[in-house]
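Have your viewer open and your selection tool ready. We will go from strand to strand and then look at some side chains along the way.

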Amino acid sequence: AAITQLKQQVSDNTARSTSNAARLTTLESKSRGNSKTVNLDNQDFIDVFDGANFIYVPVTAGNARNLVEIKSGITGQIVNIRLNSGVTLKNDSAKIRLKGTVDVVAVSANQIVTLVCLSGGGVSGSSGVWMEMGRNF
């Protein structure tokens, strides 16, 4: 029974790895021009399961919001986030690691931060760790 269970676990892990590898290949092939807008008025995260690699995060004027998490990433996936006035990208070593371990407080709609997923399960809604690669300000 233990050997059968172990075989099933190996099979499940292999299927999951194959699925994530296929999804990453699909994401890479869609990497040009795959953008979306995620309004943060009612949430504090963005989900990249759809493969979006350029994400604009506006908020309603006067409604300051925090972006604290990026969900559904795959290790190695890169996203560019265009911030807007009123958005603070929060530094958290377990979720988003920013340069100098300091929050990014956007002052205009022309600030872009590039992040890479260091660890992500690729499962819809799952958490991961993202690290800043660069910014244009």
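Start by selecting β10 and β11, which pair in the antiparallel sense over seven bridges. Before going further, note that this is a predicted model, in which local features need pLDDT of at least 70, side-chain atom pairs count only at pLDDT 80 or more, and totals for chains, interfaces and linings use all residues. Residues are numbered from 1 along each chain as its sequence is written, and side-chain values use heavy atoms, with hydrogens and water left out.

Strands (E, at least two residues) are DSSP runs, numbered from the N terminus. Two of them pair if DSSP finds at least two bridges between them.

Now pick Thr 114, which stands opposite Gly 134 in β11. Thr 114 itself belongs to β10, and there Asn 80 stands opposite it. That takes you to β6, which pairs with β10 in the antiparallel sense over five bridges.

Which strand order do you get for the whole open sheet? Its six strands are arranged as β1-β3-β6-β10-β11-β8, with mixed pairing. Look at the edges: β1 (35-37) and β8 (96-97) each have a single partner strand, so one side of each is left without a neighbour in the sheet.

**Second stop: charges over rings**

Tyr 56 stands opposite Arg 82 in β6. The charged end of Arg 82 also sits over the ring of Tyr 56, 4.5 Å from its centre. The cut-off here is NZ of Lys or CZ of Arg within 6 Å of the ring centre and within 35 degrees of the ring normal.

For another example, select Phe 45 and Lys 71. Lys 71 lies over the face of Phe 45, at 4.1 Å from the ring centre.

Move on to β4, β7 and β9. They make an open sheet in the order β4-β7-β9, and the pairing is mixed. β4 (65-67) and β9 (104-105) are the edge strands, each pairing on one side only. Zoom in on β7 (residues 87-89): its pairing with β9 is antiparallel, over two bridges. Pick Leu 89 there, and you will find Val 104 in β9 as its bridge partner.

How many salt bridges does a search of the whole structure find? There are three, each defined as a side-chain nitrogen of Lys or Arg within 4 Å of a carboxyl oxygen of Asp or Glu.

Begin with Lys 90 and Asp 103, whose closest N and O atoms are 2.8 Å apart. Lys 90 lies in the loop between β7 and β8 and Asp 103 in the loop between β8 and β9, so the pair ties together parts that are 13 residues apart in sequence. Lys 90 is partly exposed, at 27% relative accessible area, and Asp 103 is partly exposed too, at 30%. (Buried means under 20% relative accessible area, exposed over 50%, and partly exposed in between, with a 1.4 Å probe and protein chains only.)

Then select Asp 50 and Lys 36, where the closest N and O atoms are 3.2 Å apart. This pair links distant parts of the chain: Asp 50 is in the loop between β2 (45-47) and β3, while Lys 36 is in strand β1, 14 residues apart. Asp 50 is partly exposed, with a relative accessible area of 37%.

Finally, show Glu 132 and Arg 135, whose side chains meet at 2.6 Å, N to O. Is Glu 132 buried or exposed? Glu 132 counts as buried, at 12% relative accessibility, whereas Arg 135 is partly exposed, at 29%.

**Last stop: the loop between β10 and β11**

Select Ser 126, which is placed in the loop between β10 and β11. Ser 126 is buried, with a relative accessible area of 18%. Leaving aside neighbours within four places in sequence, Ser 126 is in contact (heavy atoms within 4.5 Å) with Ile 70, Lys 71, Ser 72 and Gly 121.

Click on Gly 121 to end the tour. Gly 121 sits in the loop between β10 (112-120) and β11 (128-135) and is partly exposed, at 32% relative accessible area. Its C-alpha atom is 7.5 Å from that of Thr 75, a residue 46 places away along the chain.

Key:
Helices (H or I, at least four residues) and strands (E, at least two) are DSSP runs, numbered from the N terminus.
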